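Dear colleague,

I am passing on the model we talked about, together with some notes on what turned up when I went through it. Please open it alongside this message and read the two together.

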Number of protein chains: 2
Amino acid sequence: MQPLVECVPNFSEGRRPEVLDAIAAALRGHAAHGVRLLDIESDADHNRSVFTLVAPPKAAAAAVFDAIRTAAELIDLAQHRGAHPRIGATDVVPFVPLRGVEMADCVELARELGQRVGAELQIPVYLYEAAATRPDRVNLADLRHGEYEGLKAEIGANPNRRPDFGPARLGPAGATVIGARTFLIAYNVFLTTSDIEIAKKIAKTVRHSSGGLRHVKALGLLVNGKAQVSMNLTDFHKTPIHVAVEMIRREAQRYGVAIESGEIIGLLPQQALLDAAAWYLQLDNFRPEMVLENTLDG
Amino acid sequence: MQPLVECVPNFSEGRRPEVLDAIAAALRGHAAHGVRLLDIESDADHNRSVFTLVAPPKAAAAAVFDAIRTAAELIDLAQHRGAHPRIGATDVVPFVPLRGVEMADCVELARELGQRVGAELQIPVYLYEAAATRPDRVNLADLRHGEYEGLKAEIGANPNRRPDFGPARLGPAGATVIGARTFLIAYNVFLTTSDIEIAKKIAKTVRHSSGGLRHVKALGLLVNGKAQVSMNLTDFHKTPIHVAVEMIRREAQRYGVAIESGEIIGLLPQQALLDAAAWYLQLDNFRPEMVLENTLDG
């Protein structure tokens with residue numbers, strides 16, 4: 001089977017369909033090389049869109065380069081307003097190993113794309129997560145500190161903010177963060193309350209940064225009038241989805257509420273759901289070969 | 001993709017490896033036509049073995065015909081002793097639609113195989129489940145009433161026990177039940193007790209025949225010193241696995257015990273586990289396209 005990576009570029013545009021169409025067209029122009037655009041999620045409040053594509057490694061990088069160029073032509077960060085933090089027209093580009101590809105391959109891919117974006121498009125590029133060149137550049141939030149406006153003021157003067165590739169000055173396309181990471185599952189849980197404070201307290205308990213689970217990022221939000229614990233599960237092998245949801249369930253009980261529903265944003269690997277099913281059904285002897293489809297081949 | 005059926009023939013032999021090897025060889029002789037023998041589960045106490053194979057419909061029927069002939073040559077029901085009820089050397093042969101095959105196709109397949117077994121091997125054949133020719137022949141337990149010994153005494157005299165195919169008399173190979181049914185999941189749950197009475201009470205509550213769930217068969221057993229609720233889920237689309245296990249969990253609580261572990265015997269379709277995961281994670285918006293692997297194709 002062909003080696004495949006996932007790539008999930010985030011663009012700072014969630015309102016103008018013609019801009020999103022142009023970015024999508026840039027990616028689809030590489031369909032003949034195996035690039036498949038699986039999903040586009042846009043949010044007008046955030047003024048941001050998340051594209052999900054799957055492709056052979058080199059084809060993914062070539063397609064995303066064209067998308068970055070298109071975004072730089074059509075998005076002006078000086079004019080951009082939105083609820084979500086951002087520093088660039090193409091804000092962040094993670095590569096994820098999917099099949100027949102190691103993390104080291106995705107790190108190399110991120111470096112090559114970063115070099116090209118810096119040199120050919122004159123956009124400053126920061127490498128992050130597994131591709132980071134310094135410990136203080138691993139986390140996306142640190143790289144986005146001060147957002148576009150703050151970075152514009154600092155990039156030329158502060159050596160700590162010198163980019164990994166490209167010029168140390170910010171144009172209308174801003175800067176782009178490129179890197180490699182494990183598969184991220186976006187899983188949101190709605191509570192039977194409109195009290196956002198409860199969602200915030202639960203998020204604080206489950207997330208790593210404030211003492212919770214190692215591979216969980218979480219926020220308490222109010223979405224459509226309902227309190228929501230919004231999560232990123234950054235390594236479902238080590239912090240499984242059922243561990244996170246059971247912790248939320250127990251915490252919710254503490255506040256006299258319950259989980260009303262859950263939602264997956266984008267995609268998730270089959271294994272994450274099989275692991276959850278095996279846990280709830282207490283299948284100590286579970287092996288992937290027990291799944292009928294895994295024994296069929298044509 | 002090639003149409004596929006599953007076939008799960010049960011043979012009345014769980015002790016003599018040379019007999020099981022001969023049956024397996026009969027099935028594997030059809031490998032060139034796409035017959036894949038996935039699993040053999042033998043039980044010496046039951047003196048019985050369950051073979052699981054996947055194959056294109058016609059190839060499955062041809063392979064199982066050879067296995068039935070082999071079993072008839074090597075197993076003498078007059079000498080057979082075992083804990084499990086049985087009426088034939090090849091006791092029961094269900095065909096299950098897997099992919100690109102309808103239940104009606106499996107019914108037709110069961111009829112063709114039954115006709116051939118009756119005519120060429122002179123073994124009485126009863127059609128059951130979706131292939132049954134009368135309502136009182138739908139359930140396997142009814143067809144096995146009195147087992148081999150009882151059927152031998154009755155088959156010639158009682159018109160209700162006249163076979164669908166083959167002679168109305170029983171030789172050493174006994175009779176064979178052939179039919180078509182939906183995928184059956186064998187799921188056993190061990191309790192934190194050695195009290196078989198608790199397992200029996202719980203089995204009685206969850207099984208259809210005594211007032212429980214529509215597509216659950218259940219027995220309370222003592223296995224390796226532990227109380228076990230042993231289940232067959234005969235239509236996991238209509239009675240999902242999580243509904244059954246949650247009912248057992250609640251009933252166990254009533255008796256002051258809990259589920260220690262669960263086990264799947266044989267295989268189960270991916271969908272059964274995805275359904276369970278989606279239920280526990282409360283994914284109202286779950287669609288198969290959210291599973292990454294379902295969006296990849298090569």
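How many salt bridges does the count come to over all chains? The model is a predicted one, and in it the count comes to 32 salt bridges over all chains. As background, side chains of opposite charge can pair when their charged atoms come close. One of these pairs joins the side chains of A:D66 and A:R69, with a distance of 2.9 Å from N to O. Both residues belong to helix α2 (residues 57-74) of chain A, and because A:D66 and A:R69 are three residues apart there, about one helical turn separates them.

Between the chains, by contrast, the count of salt bridges from chain A to chain B is zero. The contact itself draws 44 residues from chain A and 44 residues from chain B. Together, chain A and chain B bury about 3800 Å² between them, and 61% of that area lies on carbon and sulfur atoms. On the chain A side, the residues that lose the most area to chain B are A:L281, A:Q282 and A:L292, which together make up 17% of what that side buries.

Helix α8 (residues 270-280) of chain A meets helix α8 (residues 270-280) of chain B, their axes coming within 8 Å and crossing at roughly 75°. Since an angle of 65 to 115 degrees counts as roughly perpendicular, α8(A) and α8(B) are therefore roughly perpendicular to each other. From α8(A) the contact takes A:Q270, A:L273, A:L274, A:A276, A:A277 and A:Y280, and from α8(B) it takes B:Q270, B:L273, B:L274, B:A276, B:A277 and B:Y280. Sorted by class, the residues in this contact of α8(A) with α8(B) are ten nonpolar and two polar, with no charged ones.

In one of them, helix α1 (residues 17-28) of chain B packs against helix α2 (residues 57-74) of chain B at an angle of about 155°, with the axes 8 Å apart, which makes α1(B) roughly antiparallel to α2(B). The crossing of α1(B) over α2(B) is right-handed. Here B:V19, B:A22, B:I23, B:A26 and B:L27 of α1(B) meet B:A63, B:V64, B:D66, B:A67, B:T70, B:A71 and B:L74 of α2(B), and by class the contact has ten nonpolar residues, one polar and one charged.

In the other pair, the axes of helix α6 (residues 196-206) and helix α7 (residues 241-254), both of chain B, come within 10 Å and cross at roughly 135°, so α6(B) is oblique to α7(B). This crossing of α6(B) and α7(B) is also right-handed. The residues that make the contact are B:I202, B:T205 and B:V206 from α6(B), with B:M247, B:I248, B:E251 and B:A252 from α7(B); they divide into five nonpolar, one polar and one charged.

With best wishes

Key: Residues numbered from 1 in each chain as written. Chains lettered and ligands numbered in written order. Predicted model: local features only at pLDDT ≥ 70, side-chain atom pairs only at ≥ 80, totals over all residues. Heavy atoms only, no water. Axes fitted to C-alpha atoms, helices over the stretch in contact; angles between N-to-C directions. Helix = DSSP H or I, 4+ residues; strand = E, 2+ residues; numbered from the N terminus. Parallel < 35°, antiparallel > 145°, perpendicular 65-115°, else oblique. Contact = heavy atoms within 4.5 Å. Nonpolar A, V, L, I, M, F, W, Y, C, P; charged D, E, K, R; others polar. Left-handed = near helix turned anticlockwise from the far one by under 90°. Buried area = accessible area lost by both parts, 1.4 Å probe. Salt bridge = Lys/Arg side-chain N within 4 Å of Asp/Glu carboxyl O.
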